[in-house]
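Have the structure open and follow along.

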Amino acid sequence: MNRKSQQEQSPSHPQHAPLGRRRLRNAQFAGLATLAAAGALLAIAAIAPAQAAENADAADASPLHFAGNLGVASQYVFRGTTQTNGKPALQGGFDLSHDNGLYAGLWMSNISWISDTNPAASASLEADLYAGWKPAVTDWLNVDLGVLRYAYPGSYPTGMTKPDTTEFYAGLDARWIAFKYSYSAGDTFGNAGTSGSSYADLSLNRELFAGINGIAHIGRQRYTGPNASALSYTDWKLGLTRDFSGYVLGLAYTDTNAPAAGYTIKGKNIGRSQVVLSLNKSF
């Protein structure tokens, strides 16, 4: 379970964006290089165990399971707001899970909003660390409980509220319907005094015809603090995905009602309607 799958996502995830007055610009080459290197290592790490499993029946009996994922997207959109200023994103991660439902993983993507917001800050990578428990209640209902840490490694000027954010989440997955509620334990995506902010996510994912899956999503980002009215908003998404021998092609349309007062920079609202084309591969 990668973080993006939680979000609808990305062709998306997970749904993870720095909000308030943060705004987006071209992703830095350093972030892309880091992700490319991480992706290469991930591919090696993922393929090797798979090849070994083909030659060892014992591997099939192991309660531990490793999975990796790599992907590219025309832009990175999280909870309806673009994270790369409309520019492409290279993304990937891995998961380790156990038959008892316990899991942990890492997911990464290039970003551009930090240096766009404050040129004195330097960080072009988002690294999401998560762990949780997803037991099967019945053959059609799963519970998902966990914690997710959005980390943005880099350098920051004195006085700047760091965007690193920790959310606890609880979800229900009933076949093709899923609901998740996330609760922020501190400052949320660089907005000071916003502990207790939350995000509610309702998603549908169902095969329509000829192997094409339809995706529908609606989410509500609620902020606490003195600027809550300018930061809280609703986002929605409609999309299609198709699996081609393990390569998943996705096309999605997203939009929000993010207030212009809280989400406009240089005349552009980063929560405006977006179109995302993506290609992902799992190992």
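Which side chain does a polar contact of 2.6 Å join to that of Tyr103? The side chain of Asp144 does, where a polar contact is a pair of N or O atoms within 3.5 Å, one able to donate a hydrogen and the other to accept it within protein, and residues adjacent in sequence count only if both atoms are side-chain atoms.

A word on ground rules. This is a predicted model, so to speak of local features a pLDDT of at least 70 is needed, side-chain atom pairs count only at pLDDT 80 or more, and totals for chains, interfaces and linings use all residues. Residues are numbered from 1 along each chain as its sequence is written, and side-chain values use heavy atoms, with hydrogens and water left out.

**Around Asp144**

Asp144 sits in strand 7, residues 141-151. Strands here are DSSP runs of E with at least two residues, helices are runs of H or I with at least four, and both are numbered from the N terminus. Asp144 counts as buried because its relative accessible area is 8%; the cut-offs are under 20% for buried, over 50% for exposed and partly exposed in between, using a 1.4 Å probe and protein chains only. Gly101 is 43 residues from Asp144 in sequence, yet their C-alpha atoms are 8.9 Å apart in space. Gly101 also turns up in the hairpin that strand 4 and strand 5 form, with 3 residues between them, and has a positive phi of about 105° in that turn.

**The barrel**

Zooming out, the chain has 6 helices and 16 strands. Of its 283 residues, 46% are buried. The accessible surface comes to about 12,900 Å², with 64% of that belonging to carbon and sulfur atoms; areas come from the Shrake-Rupley method with a 1.4 Å probe, and for residues only the protein chains shown count as cover.

Twelve of the strands close into a barrel with antiparallel pairing, in the order 1-4-5-6-7-8-9-10-11-12-13-16. From one strand to the next, the twist averages 20°. For that angle, axes are lines fitted to C-alpha atoms (for helices, over the stretch in contact), and values run from 0 to 180 degrees between N-to-C directions. Two strands pair if DSSP finds at least two bridges between them.

| Strands | Bridges | Bridge pair |
|---|---|---|
| strand 4 (residues 89-98) and strand 5 | 7 | Phe94 and Leu106 |
| strand 5 and strand 6 (residues 125-133) | 9 | Asn110 and Leu125 |
| strand 6 and strand 7 | 7 | Gly132 and Gly146 |
| strand 7 and strand 8 | 10 | Val143 and Leu172 |

Strand 5 (residues 102-110) is mostly covered, with 7 of its 9 residues buried.

**Rings and a threonine**

There are 8 aromatic pairs in the structure. One of them is Phe78 with Phe189, edge-to-face at 6.0 Å centre to centre and 75° between the planes. This pair links distant parts of the chain, 111 residues apart: Phe78 is in strand 2 (residues 77-78), while Phe189 is in the loop between strand 9 (177-184) and strand 10 (198-209). Rings of Phe, Tyr and Trp (its six-membered ring) pair if their centres lie within 6.5 Å; planes under 30 degrees apart count as stacked, over 60 as edge-to-face and the rest as tilted. Phe78 and Phe189 are both buried, and together with Tyr150 they form one aromatic cluster.

What else reaches Phe189? The side chain of Thr165 does, coming to the backbone nitrogen of Phe189 at 2.7 Å. That side chain also reaches the backbone oxygen of Pro163 at 2.7 Å. Thr165 belongs to strand 8, residues 165-174, and counts as buried because its relative accessible area is 0%.

Finally, look for charges over rings. Arg79 lies over the face of Tyr199, at 4.1 Å from the ring centre, and Lys180 lies over the face of Tyr169, at 5.0 Å. To count, NZ of Lys or CZ of Arg must be within 6 Å of the ring centre and within 35 degrees of the ring normal.
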